[in-house]
Amino acid sequence: RNFYYITVLRDPVSRYLSEWKHVQRGATWKTSLHMCDGRSPTPDELPTCYLGDDWSGVSLQEFMDCGYNLANNRQVRMLADLSLVGCYNLTFMNESERNMILLQSAKNNLKNMAFFGLTEFQRKTQYLFERTFNLKFISPFTQFNITRASNVDIDEGSRKRIEMLNFLDMQLYEYAKDLFLQRFQYSKQEEHQKNRQKRREERRLLREQRAHQWQKEEAAAEIAVTEDYNSQVERW
């Protein structure tokens with residue numbers, strides 16, 4: 001079967017805060033195998049950030065302080081081909097080279113997906129999805145501006161720290177937003193051109209129908225005049 005890969009990206013700061021609140025409530029990814037090149041990472045390659053069953057009640061500061069936290073740059077990591085950088089083996093290459101390869105891989109994979117959307121543009125995401133797959137949702141997408149992440153009150157220092165921890169995601173998101181809006185604008189222009197062409201075709205058909213109707217009426221009138229003249233001649 002043919003599979004179409006799609007994804008939806010989110011503002012990195014909002015996404016990070018949302019994951020923190022999710023983990024704070026007791027969520028874990030214990031069942032995730034993080035498979036790469038046919039194996040899971042070793043405990044040395046991917047240490048845990050907490051002891052015990054979960055990380056319930058973790059503060060934002062503790063969440064940010066864990067250097068192995070997979071919440072950092074999660075969107076880039078999940079979109080990139082990790083085998084290009086030795087999977088979770090951080091000694092495979094230097095950090096700057098690793099980051100550059102991961103970001104470029106994520107951008108390439110995102111660009112080549114059949115579709116991707118952005119949570120901050122729900123209606124535009126719906127429009128592009130429907131145009132891409134030629135279908136219609138039964139109800140419009142709803143833009144929720146109030147989320148758990150938006151209800152978190154953080155200072156500017158914490159926001160800057162989150163942006164720094166997710167600097168790859170920040171770059172990916174800017175790239176994604178630009179590409180997304182380009183695709184939306186292109187689709188709108190294409191739709192406008194098709195609709196304009198459709199209206200032109202409809203007007204052309206209408207003119208032809210009117211011309212045909214006029215010709216029929218003219219012919220009928222000529223026949224009526226001829227018949228009337230013939231009847232007059234017969235009376236004479």
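Student: What is the relative accessible area of N94?
Tutor: The structure is a predicted model, in which local features need pLDDT of at least 70 and side-chain atom pairs count only at pLDDT 80 or more, while totals for chains, interfaces and linings use all residues. Residues are numbered from 1 along each chain as its sequence is written, and side-chain values use heavy atoms, with hydrogens and water left out. N94 lies in the loop between α3 and α4, where helices (H or I, at least four residues) and strands (E, at least two) are DSSP runs numbered from the N terminus. Buried means under 20% relative accessible area, exposed over 50% and partly exposed in between, with a 1.4 Å probe and protein chains only, so N94 counts as partly exposed, at 43%.

Student: What distance separates the C-alpha atoms of N94 and T31?
Tutor: Along the chain, N94 and T31 are 63 residues apart.

Student: Where does N73, which has a positive phi although it is not a glycine, lie?
Tutor: The phi of N73 is about 55°, and N73 is also buried, because its relative accessible area is 11%. Its place is the loop between α2 (60-65) and α3 (74-79).

Student: Is C87 buried or exposed, and what is its relative accessible area?
Tutor: C87, a residue other than glycine, has a positive phi near 60°, and its place is the loop between α3 and α4 (95-112). C87 counts as buried because its relative accessible area is 6%.

Student: How many salt bridges does a search of the whole structure find?
Tutor: Side chains of opposite charge can pair when their charged atoms come close. A salt bridge is a side-chain nitrogen of Lys or Arg within 4 Å of a carboxyl oxygen of Asp or Glu. By that definition, the number of salt bridges found in the whole structure is eleven.

Student: Which residues are linked with E19 in a network of salt bridges?
Tutor: E19 forms a salt bridge with R74, with their closest N and O atoms 2.7 Å apart, and this pair links distant parts of the chain, since E19 is in helix α1 (residues 12-24) and R74 in helix α3, 55 residues apart. Both E19 and R74 are buried. The residues linked with E19 in the network are R15 and R74.

Student: In which helix do E191 and K188 both lie?
Tutor: The side chains of E191 and K188 meet in a salt bridge, at 4.0 Å from N to O. E191 is partly exposed because its relative accessible area is 25%, and K188 is partly exposed because its relative accessibility is 34%. The two are three residues apart, about one turn of the helix, and both lie in α7.

Student: How far apart are W214 and S96 in space, C-alpha to C-alpha?
Tutor: W214 lies in helix α7 and is exposed because its relative accessible area is 52%. In sequence W214 and S96 are 118 residues apart, and in space, C-alpha to C-alpha, the distance is 76 Å.
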